[in-house]
Amino acid sequence: MRLHGVAHRTPVLSSRLLDSLTGAKVFLKAECFQRAGAFKFRGAYNALSQETSKKIVAASSGNHAQAVALAAHLLGIDAKVIMPSDAPSPKKAATLGYGATIVEFDRHQDDREALQARIADAEGRAVIHAYDDFRVMAGQGTAAMELIEETGELDVLLVPVSGGGLISGCATIAKELLPDLKVVGVEPAEANDTQRSLASGVRETIAMPSTIADGLMVRTPGTLTFPIVQQLVDEILTVSDGDILLAMRFLLERQKVLVEPSGAVGLAALFRHHHQFQGRRTGIVLTGGNVDMEVIHRAISIGTGSETFLS
């Protein structure tokens, strides 16, 4: 396998307190300990290791940017990354640190896909899409494979949803290994383009959302990922920014694990909708740990005591 010996086999965490609070048996796949701080390294490296071009371009709010930059560095590929001007500063710094060139854009006014295409055409660069690439999806799905290899049978898998690359890859592998598994996607309530799209049966485009989960602010599901989501994902749940901050606080306070807002939405959904997971073996992908200090302060300042984690 292309990722063997390159990507980290990240730990699976458990907590008696978490099980007691929710009534579920919970397993947390801690991709915050992955290289470049997020699951995105899996897909980026899998795609780039099969790329024939020595120059690539990618667009990302941060984690795909870092992953592509690191993978390109390891493989000797020149990387240019398009990032929103308001992307978290640690993500920009890491992307530059891995050797990529950054082109900034305004996520509220500019079309990043069009900008990416222009740069690709003008400079002869191959596009490494953050999610609409089967190589990327396959790489991301190895997180679910490792989780199931370690935990055995699961009843439910909770996966954050943005463009759909992670959940497409995870659902494909997970349902091959466990056909009766229920795959549940999680979106911020303000960025529920996939939930709306599944309800209507077509890819819906929403206004640019405002959410603390900066990595989940895609406005419409991917063209390649959406059919897979339609076929394999059983349900989409949504959570508020307050839910996300509470989940981050729990992970930091009780698990001693730092997870970014986008990475904490699965646990936030478990807390918010805990009644439907009682008695079920539940896997959750904690997708990343790249977070601003300001957001950490917001998380540790919200609520007190275990009773606040549940609705």
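Visitor: What makes Glu253 and Arg249 a salt bridge?
Guide: Their side chains meet with N and O 3.2 Å apart. A salt bridge is a side-chain nitrogen of Lys or Arg within 4 Å of a carboxyl oxygen of Asp or Glu, so the pair of Glu253 and Arg249 qualifies. This is a predicted model, in which local features need pLDDT of at least 70 and side-chain atom pairs count only at pLDDT 80 or more, while totals for chains, interfaces and linings use all residues. Residues are numbered from 1 along each chain as its sequence is written, and side-chain values use heavy atoms, with hydrogens and water left out.

Visitor: How are Glu253 and Arg249 placed in helix α10?
Guide: They are four residues apart in α10 (residues 241-254), which means a separation of about one helical turn. Helices here are DSSP runs (H or I, at least four residues), as are strands (E, at least two), and both are numbered from the N terminus.

Visitor: Why is Arg249 called buried, and what does Glu253 count as?
Guide: Buried means under 20% relative accessible area, exposed over 50%, and partly exposed in between (1.4 Å probe, protein chains only). Arg249 has 12%, so it is buried. Glu253 has 31%, so it counts as partly exposed.

Visitor: How many salt bridges does a search of the whole structure find?
Guide: The search finds 19. One of them joins Asp214 to Lys91, with the closest N and O atoms 3.1 Å apart. This pair links distant parts of the chain, 123 residues apart: Asp214 is in the loop between α8 and α9 (225-232), and Lys91 is in helix α4 (residues 89-97).

Visitor: How do you know that Asp214 is buried, and what does Lys91 count as?
Guide: The relative accessible area of Asp214 is 12%, so it falls in the buried class. Lys91, at 1%, also counts as buried.

Visitor: What do the side chains of Arg125 and Glu123 form?
Guide: They meet in a salt bridge at 2.6 Å, N to O. Arg125 is buried at 13% relative accessible area, and Glu123 is partly exposed at 28%. Elsewhere, Lys29, Glu31, Arg42 and Glu146 are linked in a network of salt bridges.

Visitor: What does Asp121 count as, buried or exposed?
Guide: Asp121, in helix α5 (residues 112-123), has a relative accessibility of 68%, so it counts as exposed. Asp121 and His108 are 13 residues apart in sequence and 24 Å apart in space, C-alpha to C-alpha.

Visitor: Why is α6 called oblique to α7?
Guide: The axes of α6 (residues 134-151) and α7 (residues 165-177) come within 7 Å and cross at roughly 45°. Axes are lines fitted to C-alpha atoms, for helices over the stretch in contact, and angles run from 0 to 180 degrees between N-to-C directions. Angles under 35 degrees count as roughly parallel, over 145 as roughly antiparallel, 65 to 115 as roughly perpendicular and the rest as oblique, so α6 is oblique to α7.

Visitor: What makes α10 roughly perpendicular to α12?
Guide: The axes of α10 and α12 (residues 293-300) come within 8 Å and cross at roughly 90°, which makes the two helices roughly perpendicular. Contact (heavy atoms within 4.5 Å) is made by Leu245, Met248, Arg249 and Leu252 of α10 and Val295, Ile296, Arg298, Ala299 and Ile300 of α12.

Visitor: How do you know that strand β7 is joined to strand β10?
Guide: Two strands pair if DSSP finds at least two bridges between them. Three bridges join β7 (residues 156-160) to β10 (residues 281-286), so they pair, and they run parallel. The bridge partner of Val156 in β10 is Thr282.

Visitor: What order do the six strands of the open sheet have, and which stand at the edges?
Guide: The order is β1-β2-β10-β7-β8-β9, with mixed pairing. β1 (12-13) and β9 (235-239) each have a single partner strand, so one side of each is left without a neighbour in the sheet. Helix α8 (residues 193-200) lies across β8 (182-188) and β9, running at about 145° to β9.

Visitor: What order does the open sheet of four strands have?
Guide: The order is β5-β4-β3-β6, with parallel pairing. β5 (101-105) and β6 (126-127) stand at the edges, because each has a single partner strand. β4 (residues 78-84) pairs with β5 over five bridges in the parallel sense, and Lys80 stands opposite Thr101 in β5.
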